[in-house]
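Reader: I'm new to this one. Could you show it to me and tell me how the labels get decided?

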Amino acid sequence: MTQNLEVHVTAGSREEAEKVVKAAVEGRAAACAQISGPITSTYWWQGKLENNEEHLVVMKTTEERLDELVSTVKAAHSYDTPEIVAVPIVGGLGDYLTWIKQETAEPSSDE
């Protein structure tokens, strides 16, 4: 059975987060996405401690669509190495979990 996933991505602006979300959901690499923020992110980048304002994107997809979602995010994102982290969804409302699978399914050849 296909595993549902929640994928976290950060973006440097709301506009960039919206661009990532639009590409992912329109292409059905993700069933849905939420943008929150701004948030404050602290991290090491190229030997320097950084502290920046970002927006958090949370998307729902399936294991089968993860590679496409990663490619879509990388193409739409300005960062050299964007945060793209997938975690399994281990439970939830069955109807919602089925909906994720339906909305990210590859269209059949007779559609």
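Author: Let's start with a pair of charged side chains: E18 and R14 form a salt bridge, with their closest N and O atoms 3.2 Å apart. Keep in mind that this is a predicted model, where local features need pLDDT of at least 70, side-chain atom pairs count only at pLDDT 80 or more, and totals for chains, interfaces and linings use all residues. Residues are numbered from 1 along each chain as its sequence is written, and side-chain values use heavy atoms, leaving out hydrogens and water.

Reader: What separates E18 and R14 along helix α1?

Author: They sit four residues apart in helix α1, so about one helical turn lies between them. Helices here are DSSP runs (H or I, at least four residues), strands are E runs of at least two, and both are numbered from the N terminus.

Reader: What makes E18 count as buried, exposed or partly exposed?

Author: Its relative accessibility is 38%. Buried means under 20% relative accessible area, exposed means over 50%, and partly exposed is in between (1.4 Å probe, protein chains only). So E18 is partly exposed, and R14, at 35%, is partly exposed too.

Reader: Which parts of the chain does the pair R28 and E103 link?

Author: The side chains of R28 and E103 meet in a salt bridge at 2.6 Å, N to O. This pair links distant parts of the chain: R28 is in the loop between α1 and β2, E103 is in helix α3 (residues 94-104), and they are 75 residues apart. R28 has a relative accessible area of 40%, so it is partly exposed, and E103 is partly exposed at 25%.

Reader: How do you know whether R65 is buried or exposed?

Author: R65 has a relative accessible area of 6%, so it is buried. Its side chain meets that of E68 in a salt bridge (2.8 Å, N to O), while E68 is partly exposed at 31%.

Reader: What makes something a pocket here?

Author: On a 1 Å grid over the protein atoms alone, a pocket is an open set of points with protein on both sides within 12 Å along at least five of seven lines, whereas in a cavity a 1.4 Å probe fits but cannot get out; lining residues have an atom within 4 Å of a point. The largest pocket is lined by 13 residues, with Y43, W45, E54, Y79 and T81 nearest its centre. Elements giving two or more residues to this lining are β2 (32-45) and β3 (48-62), and β2 gives the largest share, four residues.

Conventions. A salt bridge is a side-chain nitrogen of Lys or Arg within 4 Å of a carboxyl oxygen of Asp or Glu.
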